[in-house]
There are 2 protein chains.
Amino acid sequence: MYPVNETHNPELKSWVESANDPSSDFPVQNLPYCVFEDGESSSVGVGIGDRILNLSRCASLLDSRFRAVSQKTLSGIMALPFAERNALREAIGGLLLEDTAADRAVLEDALIAQSDATFRLPCRIGDYTDFYASVFHATNVGSMFRPNNPLLPNYKHIPIGYHGRASSVVVSGTEVRRPVGQKAPADENSGPFREPCKLLDYELEVGFFVAEGNKLGSTIPIDRAEEYLFGMTLVNDWSARDIQKWEYQPLGPFLAKSFATSISPWVVTMEALAPFRAPALERAAGDPSPLDYLANDRNDSHGGVDIKLEVWLASEQMRNEGKDAICLSRGNFTNMYWTVAQMLTHHSSNGCNLQPGDLMASGTVSGPERDSRGCLLELTWDGDKDNPVPGSQRTPIELPTGEERKFLADGDELIIRGYCDDGSHRRIGFGQCAGVILPAN
Amino acid sequence: MYPVNETHNPELKSWVESANDPSSDFPVQNLPYCVFEDGESSSVGVGIGDRILNLSRCASLLDSRFRAVSQKTLSGIMALPFAERNALREAIGGLLLEDTAADRAVLEDALIAQSDATFRLPCRIGDYTDFYASVFHATNVGSMFRPNNPLLPNYKHIPIGYHGRASSVVVSGTEVRRPVGQKAPADENSGPFREPCKLLDYELEVGFFVAEGNKLGSTIPIDRAEEYLFGMTLVNDWSARDIQKWEYQPLGPFLAKSFATSISPWVVTMEALAPFRAPALERAAGDPSPLDYLANDRNDSHGGVDIKLEVWLASEQMRNEGKDAICLSRGNFTNMYWTVAQMLTHHSSNGCNLQPGDLMASGTVSGPERDSRGCLLELTWDGDKDNPVPGSQRTPIELPTGEERKFLADGDELIIRGYCDDGSHRRIGFGQCAGVILPAN
């Protein structure tokens with residue numbers, strides 16, 4: 001499944017010159033999908049160098065069975081059968097290779113600059129599910145609230161997840177309004193109160209879109225799970241820690257998450273990621289083996305995806321003073337305790353029907369090192385300056401303007417970047433997932 | 001808002017004779033919407049007596065501004081502005097009154113028997129949210145697991161809710177496959193295991209559909225909340241108690257719920273329910289007042305809806321032996337601690353965007369009496385025959401065949417019914433929400 005093949009050959013070049021720059025996120029080996037505004041409507045595009053190929057404008061160059069490329073969103077392409085999705089990738093690649101036999105005039109007419117594009121969500125997201133698949137994140141967060149018992153007994157047996165809010169998923173670049181919400185009473189003599197969130201955080205996550213779905217009552221076996229995956233994207237699961245703390249018992253996070261979830265505009269297909277599949281995180285000695293329905297050899301050997309992830313912050317003052325964003329953390333998606341195949345198979349294991357365009361996210365991607373923690377809650381250890389975690393020197397974070405951050409301030413821009421780069425293949429980038437915090441209403 | 005007006009006059013009669021039977025759920029004062037199969041497609045209809053008026057077949061008799069009646073689902077009608085929805089109700093009522101001036105031949109041609117109809121979901125449900133708004137249910141369930149502290153500190157301050165799974169919401173009559181899932185280890189020396197759910201339960205709930213939505217980042221004030229409500233429906237939030245127990249910490253219910261949620265095919269509009277608005281449940285002495293954003297006089301005086309609710313069970317053996325279903329419980333929607341307006345306003349209070357067709361459910365409707373408990377977990381007190389709750393004599397439930405039930409068995413049919421009846425207005429019925437349990441795969 002998704003073998004490394006000729007489409008990944010690093011020697012391949014495109015007639016779109018910017019795609020041949022080794023630092024480009026979007027060489028001809030990538031071909032990530034996006035949806036962008038096209039007049040009054042929207043079109044599906046493919047990223048190539050610093051351009052977008054508008055697929056609806058070159059549909060005549062593709063076989064008529066690929067008519068889904070002319071739809072307004074990716075939903076039709078996502079629903080194509082596995083083999084057809086692969087065939088479409090090869091066909092689009094054929095249009096963009098430097099020696100293409102297709103009509104260059106039509107193709108050049110279908111190119112627009114990414115810098116001119118207004119992106120939209122890639123598809124109608126039917127359901128959004130958020131997992132909690134980093135054992136490092138779960139352990140860090142758990143140890144703040146249960147120092148002697150940070151990891152709950154189910155964690156290493158079951159990919160913990162919860163249903164998220166689909167309506168408030170927004171595309172990168174959308175401004176994010178600081179939510180207002182109920183907070184826990186300050187002490188035994190007072191009651192709860194409502195005010196703007198003071199502990200506003202981001203969560204660095206990787207998302208994955210469902211391709212073919214399954215019928216209600218059926219399940220997706222682990223050895224076929226990846227056929228049901230369309231591609232991956234960057235996710236910022238914005239989180240209101242103070243709202244969550246008061247509301248989340250006993251039924252989980254609700255308004256602490258549903259004010260916004262940002263995703264990058266680009267969906268990098270599983271085919272493009274084939275060269276970067278990696279072994280799943282090795283379970284520690286003494287850890288239980290996954291139950292049979294979550295286990296197979298391929299998951300162990302290729303369940304991971306070697307995506308390098310970075311989080312950058314630029315405060316409003318920094319931007320006003322012309323200062324560059326600073327890097328808050330660097331992580332890797334291979335650090336997840338549960339693989340994307342395990343999450344998808346588990347999700348369907350009760351008969352729940354997954355549908356094309358459903359979005360799942362990994363949960364915060366944190367690694368074992370201090371600098372690979374994927375949210376401010378972990379980086380600044382709950383924002384508690386007076387009680388830092390042993391070994392942590394990042395409490396609070398100092399910005400080049402002299403400002404300090406425990407949590408996000410109004411005007412802050414938070415940027416997540418991701419890319420695959422192993423030195424022997426072309427870089428496969430995810431672009432970025434960015435958002436600026438607006439003050440509460 | 002939604003005043004009791006001439007459309008509620010109990011003297012009004014319809015030319016559809018069955019609608020004038022006092023026991024009918026669907027007199028001309030009700031006019032609930034539904035969606036049903038119509039050839040290869042589907043149409044919007046309105047229940048009248050034992051018939052459905054196919055709105056797409058009599059659209060020519062309605063003002064052209066109501067063209068949404070010809071859509072395949074209710075989504076277009078749901079999205080109409082508040083005043084337009086009211087006007088449409090009056091227009092449809094005008095077609096069905098006994099002295100209608102409209103073309104009777106067209107109307108009679110647009111009628112089909114409910115018994116011949118195959119219902120579909122009323123709309124595309126963008127997001128589904130489940131609340132936990134019965135303090136009796138929350139106290140009962142809490143006391144099983146935390147006898148000394150049954151109700152968590154946030155309960156009386158905040159309408160607790162969580163995001164549910166929209167894809168697995170099914171219409172009444174859809175068979176429900178018993179889910180398979182991970183269970184907690186039996187003891188310290190064993191691990192978790194996967195098997196079919198053994199503690200399969202129903203939850204009696206009332207659902208409500210969002211009409212006009214709000215934009216991301218905006219909120220819906222409590223004094224306008226009901227303008228954003230389209231109508232109500234019956235919900236069975238099927239629950240796998242054993243799966244939930246192992247998976248739900250720390251992020252809430254997930255696969256224990258997402259295998260199926262059943263709703264009745266009928267959506268009873270808020271206009272039809274106007275005569276049955278009732279005071280919200282009186283808060284007990286010492287209970288906190290709701291925070292300002294959840295409080296107003298109208299909520300106190302008319303926040304409740306006097307819907308009588310019943311749950312009926314017929315096992316496969318009972319049906320084979322020709323025995324009638326037995327009533328498991330009778331409740332009333334006025335027993336909820338939080339009103340529908342409070343739930344909707346709270347949901348949007350962080351800026352979360354609600355959209356037309358979003359479904360919210362109340363959580364299990366349990367009242368203070370033993371016979372008004374809305375799920376088997378409460379009725380049979382966790383199915384524990386040896387440790388019944390004081391005062392409970394229903395552990396386990398004895399069926400007329402000699403069978404016993406702590407939780408649902410394969411082949412069981414579970415039926416929820418609901419109706420408003422105050423003796424002075426015509427009965428406003430919800431029909432039923434039914435489902436039969438299929439054995440696990």
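Author: A polar contact is a pair of N or O atoms within 3.5 Å; within protein, one must be able to donate a hydrogen and the other to accept it, and residues adjacent in sequence count only if both atoms are side-chain atoms.

Reader: How many residue pairs are in polar contact between chain A and chain B?

Author: The count is 31 residue pairs, both at pLDDT 80 or more. This is a predicted model: local features need pLDDT of at least 70, side-chain atom pairs count only at pLDDT 80 or more, and totals for chains, interfaces and linings use all residues. Residues are numbered from 1 along each chain as its sequence is written, and side-chain values use heavy atoms, with hydrogens and water left out.

Reader: And how many salt bridges between chain A and chain B?

Author: Four. A salt bridge is a side-chain nitrogen of Lys or Arg within 4 Å of a carboxyl oxygen of Asp or Glu. A:Asp358 forms one with B:Arg165. Their closest N and O atoms are 2.6 Å apart.

Reader: What area do chain A and chain B bury between them?

Author: About 5,300 Å², 60% of it on carbon and sulfur atoms. Buried area is the accessible area (1.4 Å probe) that two parts lose on being put together, summed over both.

Reader: Which residues in chain A lose the most area to chain B?

Author: A:His163, A:Leu251 and A:Phe254. Together they make 15% of what that side buries.

Reader: New topic. How many residues of helix α8 of chain B are buried?

Author: Nine of its nine, residues 340–348. Buried means under 20% relative accessible area (1.4 Å probe, protein chains only). Helices are DSSP runs (H or I, at least four residues), numbered from the N terminus. B:Met343 and B:His347 are among the buried residues of α8(B).

Methods
Chains are lettered from A and ligands numbered from 1 in the order in which they are written. Buried means under 20% relative accessible area, exposed over 50%, partly exposed in between (1.4 Å probe, protein chains only). Helices (H or I, at least four residues) and strands (E, at least two) are DSSP runs, numbered from the N terminus.
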